[in-house]
Amino acid sequence: MKSYLDPLTIAKISTMSLKAKYVVEGFISGLHTSKFKGHSLEFAQHREYSFGDEMKHLDWKVFGKSDRFFVKQYEEETNLKAYILLDVSGSMGYKSDGISKLEYGSYIAAALSYLMIKQGDAVGLAVYDTEIKKNIPPRASLNHLSIIFDELSKTSSGGETDISKILYDFSKKLKKRTLIILISDLFDEQEKLIRAVKNYRFAKNEIIVFHIMDKTEENLDINGNVFFKSLENEKFLITEADIIKKEYQKIISEFIDKYKSEFRRADIDYSYFNTSSPLDLSLTNYLSKREKLQT
Amino acid sequence: MTFLNSIFLWGLTAVSIPIIIHLLSQKKPRIIYFSDLRFLELAASRSVKKFRIRQYLLLLIRCLLLIILTFIFARPVIHYILSSKNTETIFLIDNSYSMEYYKDGKMRLEDAKSVVKQTLNLINPQEKIAIFSFSDIVLPVVKNPTTDKRLIISEIEKINIEYKKTDIINAVNEVIKYFQNDKTEKRIIIVTDFAKNGWLLKKNIIAINLPAAYKIICIDVGDNNSKNFAVSNVETFGNKITAVVSNYSEDKRSISTELYIDGKKHKSAFFEIYPHKSSEWSFDVKNIKNGIHKCFIETEPDKLSADNKYFFVFNYREKPKVLLIDGNPHFSDFKGETFFLKTALTNYSDVKVINFSQFENEETSSYSVLFFCNVSDFNKDEVLLLKNLISSGKYLVFFPGDKVSMEKYNTKISFLLPCEISSFLNDGKLSNYNLPEKLEISIDGNIKKRFLLIPKHNAETLLKFSDDTPFLLKGKNNVFVFAISSNLSYSDIPIRPVFPIIIKHLFSYFLENDTLIKSANMGETYQRTAGEIIPEIVSPDGKITNNQNEILFKQAGVYEIRYKNHKTEYANVNPDTFGSGESDLEKIDTREIKKLFDKNFLGIVLADSHFGKKIKKIMYGSEITTYFILLLLIFAILETLLANYKKL
């Protein structure tokens, strides 16, 4: 857990508030605003007290019977229900130096999970390549956070990607408005993927896209004759990296720009991260942007 | 293309260097695992093709750079004639007398020799060379092709001017004939002054005889603005000399001309003659004795001296006195019997016209020739007078006419006539029998009426009609009878151009011109006729030859050929100036020459200060190393640009 919750990162995130852009269905308390404010709450379950839970939510009756602290949970108690969709396809395993995209994505996922749960939001995690490999439904408890962290520490990259299919499949499972946080290198058929992401917006869900790439993927800082082997399949390419560098940079730049412009047009939050840039700085920048949106 | 330093062509092997470098630079690729190959593939498909093209272009340019560099060292030469090492060169050197023309103080023939020597120096040592000189005949100088240039040069020096005309077509044909069984590749180099008259366009002969494999090179040693004038021709008759002086320059010239008789200057004249025009100098000679005189007419000196002097023998006869007796006088001269006759005779004689009625009283002894024109009848005294005239050696000529009574002629003066006047005939045509062949004058005349003359056994038919009947008869007694009248009543011959010629022909009998005078060209040979005793020949310089069957007319001048029977023949020997001869130096248009040799390679070179370079270029091509240096620079720049494409 420590590897994901770098104290410096956590410290910086703790100073800011992640505020939901859209009011989700359900009862909102705390920092979040809700159009259903003042509506009666429905008991959902008991949850063992954990550090950070407010004392006012303790069920003293249960404490009297069992001598253990339990917190009452209501449906409305979940201010925001979020799902982090983490791409674990083979391409995410690429790293030129430092950390891989998957590691980088995992850090972001862990930090966001921690932050959101600290704010009482429910966070779920789904890891996928061509299919959802692991699905942890959203919960707001700190225990749940450890489950997520465990899963994140276990994930490894491999296989091909089909993000658009995953997004379509996943959208069918959502019954309430949910915040989807997509962490991926977005190496998929671009048009199809954009349509799939936009589909979430049409379903009144919020989706945030974290686009992660390696600096070498962006700049192709490779020289000489290279035998490129795909991390996702058996494909390969032999070429002079120097010759194609300029054209490659142009293509990648167009690729990223297209996501940026298409998502901006659809009012979808899109953030581009380069694994070489500091992780905490990337998150801070993102959260600052969210904060500005809120105000 | 060939190379002067072909050893350097080994440098072409260096072309393999960039290829090898290119192949070696294809390093083994290192393996890199990459996230997604789609974008790499796309980038590769867009960039690699361009890159490869650029790379191969660069490789090509580098190879070319090495090839060009090798060529620069090897010194390439481009060829206009593809010739093998066995090619034989035949020089045809024009030594006609136009080659005696002086240009910048040097004779054209000397220029031609120097041009040939210059060319010889350029000819590869293994190539064989033959030399011929030519005018209208071809003379071998070195007839068997040889590589011995020293021999060739010494033989060339022996070539002298032939005082003959040029005939290039004949020369080429003769050479082709000479080498017809020799299959070696030939290059004919004609060195001439390009004078137009030398290229008599016998195109058919060339087209048939010249093998396509023959390469022709014409070297022009002529001058574009030649200045020449000449005594083109001289004719003598009686006491008259007629000379033709021609100006073959491009501008009007004032030419002084002198007549020398027996070595002494007799007369001079001054002419202004327009370009390419002639002037006739015709005059009566006085104050010399009757008989043979050796003469020449000479113009002032010019650049071509051969045609400035014309030698001839003048058989001088004083102008005879002629009496024309009109048997049917008319008030109008045109209708008269003597008008046209008098006009024709005036040039050669002093003419007096009388009516027949005055005949008896006229002092006839002072006349050499008496013409009786349409005299109808003669009385006894008149017949006696005629008889006396004949016996005293006078010439009598009878022109019949409508007044003439055939009967009376055939009875009263039959004893002196060379014929019987038989009858009238209608129509007729004059034949050219005995008329000078050279004269291209129409002999067509409208003859309405004529007499049929039946010659007697001692009569000589001098001129004939086309039906072989006599037109003019001569008797041994020097009595001449015409078959037509001397006026226009019988025919229009008196007004035809042929009439003065007939009269001149007739006149030659009156001049007792029994001396034989021949004209010959320099370089021709006198040959004794079979069975004839060898005559004594006196050449113009006085040298006597009396034991040779034939003699070459080497010098211009008068040759005397003395036969044993005391008869002497004269030969006027001059350069061949017939027509314009070699005197007209106007050059031929090179397009005409190209037409002539249209099936063969033809190179035309002017013998100027750049001659050496030009002839070398035609024979062996020209060195193009400079162009390769330029190419090298261009390709070097291209290479730099392509190699630094990314940086740029």
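**Notebook: strand pairing, helix packing and the A–B contact**

The model I consulted is predicted.

**Entry 1. The contact between the chains**

Strand 8 of chain A pairs with strand 2 of chain B, residues 30-34, in the parallel sense, and the pairing has five bridges.

I then noted the extent of the contact. Chain A contributes 25 residues and chain B contributes 20 residues. On the side of chain A that touches chain B, at least two residues each come from strand 8 (225-230), strand 9 (236-240) and helix 8 (241-265) of chain A. Which of these elements gives the most to that side? I found that helix 8 of chain A does, with seven residues. Sorted by class, the side of chain A that touches chain B comprises 15 nonpolar, five polar and five charged residues.

**Entry 2. The six-stranded sheet of chain A**

I traced an open sheet of six strands in chain A, with the order 5-4-3-6-7-10 and mixed pairing. Strand 5 (132-139) and strand 10 (269-274) of chain A are the edge strands, each pairing on one side only. From one strand to the next the twist averages 15°.

Val123(A) has Arg139(A) of strand 5 as its bridge partner.

I also recorded a helix on this sheet. Helix 5 of chain A, residues 163-173, lies across strand 3 (81-87), strand 4, strand 5 and strand 6 (179-184) of chain A. Helix 5 of chain A runs at about 155° to strand 3 of chain A.

**Entry 3. The six-stranded sheet of chain B**

In chain B I followed an open sheet of six strands, ordered 8-7-4-9-10-34, also with mixed pairing. Its edge strands are strand 8 (138-146) and strand 34 (601-606) of chain B, and each of them pairs on one side only. The average twist from one strand to the next is 15°.

Within this sheet I checked strand 9 (residues 186-192) and strand 10 (residues 215-220) of chain B, which run parallel and are joined by six bridges. Ile190(B) has Cys218(B), in strand 10 of chain B, as its bridge partner.

I noted two helices here. Helix 4 of chain B lies across strand 7 (129-134) and strand 8 of chain B, and its direction is at about 170° to strand 8. Helix 12 of chain B, residues 611-620, packs on the sheet and touches strand 10 and strand 34 of chain B. The direction of helix 12 makes about 175° with that of strand 34 of chain B.

**Entry 4. Helix 3 against helix 4 in chain B**

Helix 4 of chain B has a helical partner as well. The axes of helix 3 (residues 108-122) and helix 4 (residues 149-156) of chain B come within 11 Å and cross at roughly 175°. Helix 3 of chain B is therefore roughly antiparallel to helix 4 of chain B. I listed Lys113(B), Val116(B), Lys117(B) and Leu120(B) from helix 3, and Lys149(B), Ile152(B), Ile153(B) and Ile156(B) from helix 4, as the residues that make the contact. By class these are five nonpolar, no polar and three charged residues.

**Entry 5. Helix 2 against helix 13 in chain B**

I next looked up helix 2 (residues 38-74) and helix 13 (residues 625-643) of chain B, which pack at an angle of about 155° with their axes 9 Å apart. Are the two parallel or antiparallel? An angle over 145 degrees counts as roughly antiparallel, so helix 2 and helix 13 of chain B are roughly antiparallel to each other. The crossing of helix 2 past helix 13 of chain B is left-handed. The residues in contact include Leu57(B), Leu58(B) and Ile61(B) of helix 2 and Phe628(B), Leu632(B) and Phe635(B) of helix 13. By class, this contact has 18 nonpolar, one polar and three charged residues.

**Entry 6. Strands 29, 32 and 33 of chain B**

My last entry concerns strand 32 of chain B, residues 557-562. Strand 29 (residues 536-538) of chain B pairs with strand 32 in the antiparallel sense over three bridges, and Ile537(B) stands opposite Ile561(B). Strand 33 (residues 568-574) of chain B also pairs with strand 32 in the antiparallel sense, over six bridges. There, Gly557(B) has Val573(B) as its bridge partner. Strand 32 and strand 33 of chain B form a hairpin with five residues between the strands, in which His566(B) takes a positive phi near 70°.

Terms used
Residues numbered from 1 in each chain as written. Chains lettered and ligands numbered in written order. Predicted model: local features only at pLDDT ≥ 70, side-chain atom pairs only at ≥ 80, totals over all residues. Contact = placed C-beta atoms within 7 Å. Helix = DSSP H or I, 4+ residues; strand = E, 2+ residues; numbered from the N terminus. Nonpolar A, V, L, I, M, F, W, Y, C, P; charged D, E, K, R; others polar. Pairing = 2+ DSSP bridges. Axes fitted to C-alpha atoms, helices over the stretch in contact; angles between N-to-C directions. Parallel < 35°, antiparallel > 145°, perpendicular 65-115°, else oblique. Left-handed = near helix turned anticlockwise from the far one by under 90°.
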